Amino acid sequence: MLLTIMLKIYQSNQMNFLVTKLCKKIQSKKNFFNKKTILINNTYIKQWLEIQISKKLTICMNTQYVEISKFFINLIKQSDYKLKTVKPSIFEVKYLKWILMSIISKKKDCIFLKENGIQYNNYEFCLHMANVFVKYIFFQPDLIYTWEQEIKNNIWEKKTIWQKKLWSVVIQKKKNSGITSFTEIINNFNRNIDNSCFLKFIPKKILIFSNTSINPFITTILHIIKNITSIYLFQYAFKKKKNIQIHQLIF
């Protein structure tokens, strides 16, 4: 049987419309008894969505809810199927924090911070920068890419030059531990996307219910996997007029 490969996007300022569309996909006769995974922004929307779905569907079996970012980060980890154990991830604040603490413990590694007048010698600095770097990965992945590829960008260069140097030290520390950079992780994910060992981890149908915009990092991953699965995105889009827009993109 031919599998329809596509990314279909429903956008509306009416949540009830989005829930109705989602329920139709959940209640599909072909997949009624199959396990269904709905990707969501957070646990708060999960509780609301469960109530709304229960009002529209008499039975909703084998349905689990997973946070969007956690699902795709886990997918990226699984893409490196040759590894016997999953290594710490640059997507995790707690891991980056300890890498940064190991850096500031050695004065020779952070001379540039002192030269830029940065008060770096404390736990709060490491926690703050770990959060900043993770936000860059999700919301400004192009910035991380320009840093790692040594691409000049006058817009960011002056404001973030010491952050760029700090990130390069983080990556060097990671490589010493056998952990790759952000760019290498994405390239590796892209290379392994058609491997049968990895394909088993990707659902044939991905349902995403989002009450906010999808961040650039997740958009990149969706673009990579769009040709091997069917993706349905139900997205709230605020508009002054209560009009409904449905965008369908088939690749």
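Student: What is the average pLDDT of the protein?

Tutor: pLDDT is the predictor's confidence in each residue, from 0 to 100. The protein averages 82, and 80% of the residues score at least 70. In this predicted model, local features need pLDDT of at least 70, side-chain atom pairs count only at pLDDT 80 or more, and totals for chains, interfaces and linings use all residues. Residues are numbered from 1 along each chain as its sequence is written, and side-chain values use heavy atoms, without hydrogens and water.

Student: Which elements have the lowest and the highest mean pLDDT?

Tutor: Helices (H or I, at least four residues) and strands (E, at least two) are DSSP runs, numbered from the N terminus. Strand β6 (residues 244–249) is lowest at 47, and helix α6 (residues 123–139) is highest at 94. Over residues 245–251 the pLDDT is below 50.

Student: Which residues of α3 are buried?

Tutor: Buried means under 20% relative accessible area (1.4 Å probe, protein chains only). In α3 these are I68, F71, F72, I73, L75, I76 and S79.

Student: At what angle do α1 and α2 cross?

Tutor: Axes are lines fitted to C-alpha atoms, for helices over the stretch in contact; angles run from 0 to 180 degrees between N-to-C directions. The axes of α1 (residues 15–26) and α2 (residues 43–56) cross at roughly 70 degrees and come within 10 Å. So α1 is roughly perpendicular (65 to 115 degrees) to α2.

Student: Which residues of α3 and α9 make the contact?

Tutor: Contact means heavy atoms within 4.5 Å. The axes of α3 and α9 (residues 182–192) come within 9 Å. L75, I76 and S79 of α3 touch I185, N188, F189 and N192 of α9.

Key
Buried < 20%, exposed > 50% of the residue type's maximum accessible area, 1.4 Å probe, protein only. Parallel < 35°, antiparallel > 145°, perpendicular 65-115°, else oblique.
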